[in-house]
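I opened this entry to keep track of what I looked up in the model.

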Amino acid sequence: MFEEIGTTAEGDLIINVGPQHPATHGVLHLVITLNGETIRKVEPHLGYIHRSIEKMCESLSYRQFIYVTSRMDYLSSHINNHGCALCVEKGLQVEVPQRAQFIRVIMDELTRIASHELWWGAMAMDLGAFTPFFHAFRERETITDIMEKTCGARLTMNYMVPGGVMAELHPDFQKDVKSFIQLYKSKFEEYNELVTGNIIFQNRMKSVGILSKEDAISYGCTGPVARGSGVHCDIRKLYPYDIYSTVVFDEITETAGDSYARYLVRLREMQQSIRIIEQLIDNIPAGDFQAKTKAVLKLPKGEFYQRVETARGELGVYIVSEGGTTPYRIKFRSPGFSNLSALEHMVKGLKIGDLIASMGTLDLVIPDIDR
Amino acid sequence: MTNDELKIKFADLLPTVSFEEGGEWLNLFVSPEEFKSFVSQLRSTPGLDFDYLFCLTNVDWKTHFTMVYHFTSTIHRHNIVVKVKLDRNNPEIETVSDIWRTAEMLEREVYDLFGVKFLHHPDLRRLIMPDDWEGWPLRKDYEDPVNMIKL
């Protein structure tokens, strides 16, 4: 792979970005063909953190395989677990208790905020602004503390199981979440003052990495990337799961399709997540946190597909069952994989600095792409 | 469109198509020879407008392969699953990357892990595994004594 470095017959320069590069946030490897500073070609090389999760899942039981999925998109591990649990429940036809559904949705939205916080800090750092990273981590740290109290982990939670959630909430949970909402609301204006309104930042983001609505659909983009181009693709609205159909929130879309639009979508989505949590946090019903299920789960023969909205977009869990205790075949349709495929189209003809700005707003998590 | 309306429409487009219901979505079975001309009509026929290919994968059934394409329409919001049976010893199918751009990378992934050849694909190379890797890891008969831990 590395022998490709050099110049082409036309005099274009071929360079590598990654697999170890601060702007790729993980082990993504891009081989870029440059004419001067202008990008001619971007070719992603994947697989540096490929663990063959799909193959591993074929030999794990329906209770075990969920733990592996936390390691895919580690910033939305709750939502990955949620999607897998829902897919297994669909096969078993289990009714999940209301209390568990409330807890799941609150946890999902907290995860979404934490993930967007990290994206916001890291993306600003890619563009050369170091301070926002610390602002973002101040709030994110509060969420990881809340998660740690209830789930015992800060990153790979493994809290959601088929039938509900694994354990009862920590007694401080509601109090902690409410004080987090207070903190978040008092700090949110800082984000806009620091970054959003900054004219240097806006100049680097506006009209950069434009993705049209048609292209976004054709490339299979989902999540904030597609919503920045005006595609209505929020799974929570289109195919609601658990109690998403009963909560009130807006699907954020922008029409410009540039990096700045994607930035605004994520920023506003955090506020919508706060709105969802506020509606639910005081109304968690009493009752069981888990439905009664058998110790060894067996899915009936057939195929089950479940999609959920992670922080990065649409995650699809496709289980093919032969009636046994392990899945015959499992496929994860990861949002990052499809979003990455649009990168070359977005940055062709732009300058190399714009690649970093565009890639930052794709919010790539490499283990999610490689699986 | 409801599943019954879709069925009538599909039978018009391709008389040899067979259906399977009972799952969440309508399943269609198409032969590999008729596949390409059929799916390009899915994209272009008004009223169908399947513009979004949200999942593309393959299942190894030990006797044959089944390519599985999940389509949805962002306009009409109906979903279908198109399945194509392939010969396991010589799996070949036409690419759809010229109709849905997302298929370019997804097909490379399927080629990499299953060894399915996509005809007329612009750039069919290994994507995830190293270029010099031998074998197709997601096939059921794949053996790797070094990297695979049997549970």
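Before I could look up a distance between domains, I needed to know where the bounds come from: they are taken from an automatic or database domain assignment. I also note that the model is predicted.

**Entry 1: domains of chain A**

I looked up the division of chain A and found domain 1 (1–48) and domain 2 (49–204 + 285–370). The centres of domain 1 of chain A and domain 2 of chain A, taken over C-alpha atoms, are 29 Å apart. I then checked how many residues make the contact: 15 come from domain 1 of chain A and 21 from domain 2 of chain A. On the side of domain 1 of chain A that touches domain 2 of chain A, E4(A) gives the most, with five residues. I sorted that side by class and wrote down nine nonpolar, four polar and two charged residues.

**Entry 2: the four-stranded sheet of chain A**

I traced an open sheet of four strands in chain A, in the order E1-E2-E3-E4, with antiparallel pairing. Which strands are at the edges? They are strand E1 (6–7) and strand E4 (38–45) of chain A, and each pairs on one side only. E4(A) had already come up in the domain contact, where it gives five residues to the side of domain 1 of chain A. I followed E1(A) to its partner, strand E2 (residues 13–17) of chain A: two bridges join them, and they run antiparallel. For one residue I noted the partner by name: A:Thr7 has A:Leu13 in E2(A) as its bridge partner.

**Entry 3: the three-stranded sheet of chain A**

I found another open sheet in chain A, made of three strands in the order E7-E8-E9, with antiparallel pairing. E7 and E9 of chain A are at the edges with a single partner strand each, so one side of each has no neighbour in the sheet. On average, and with direction ignored, neighbouring strands here are turned by 10° against each other. I looked up the link between E7(A) and E8(A) and recorded eight bridges, with the strands running antiparallel. Here A:Gln306 stands opposite A:Val317 in E8(A). Helix H3 (residues 77–92) of chain A packs on this sheet and touches E7 and E8 of chain A; the direction of the helix makes about 150° with that of E7(A).

**Entry 4: chain B by itself**

I turned to chain B and listed three helices and seven strands. Along the sequence the pattern reads α-β-β-α-β-β-β-β-α-β. I asked what box the C-alpha atoms of chain B fill, and it is roughly 50 × 30 × 25 Å along the principal axes. Of the 151 residues in chain B, 33% are buried. Among contacts in chain B with a separation of 6 or more, 44% join residues 24 or more positions apart.

**Entry 5: where the chains touch**

I looked up the contact between the chains: 26 residues of chain A meet 21 residues of chain B. Elements giving two or more residues to the chain A side include strand E7 (302–309), strand E8 (314–321) and strand E9 (329–333) of chain A. Helix H12 (335–341) of chain A is also one of them. Which element gives the most to this side? It is E8(A), with four residues. By class, the chain A side has eight nonpolar, 10 polar and eight charged residues.

Conventions:
Residues are numbered from 1 along each chain as its sequence is written. Chains are lettered from A and ligands numbered from 1 in the order in which they are written. This is a predicted model: local features need pLDDT of at least 70, side-chain atom pairs count only at pLDDT 80 or more; totals for chains, interfaces and linings use all residues. A residue is buried if 20 or more other C-beta atoms lie within 10 Å of its own, exposed if 12 or fewer, and partly exposed in between; C-beta atoms are placed from the backbone. Two residues are in contact if their C-beta atoms, placed from the backbone, lie within 7 Å. Ala, Val, Leu, Ile, Met, Phe, Trp, Tyr, Cys and Pro count as nonpolar, Asp, Glu, Lys and Arg as charged, and the others, Gly among them, as polar. Two strands pair if DSSP finds at least two bridges between them. Axes are lines fitted to C-alpha atoms, for helices over the stretch in contact, and angles run from 0 to 180 degrees between N-to-C directions.
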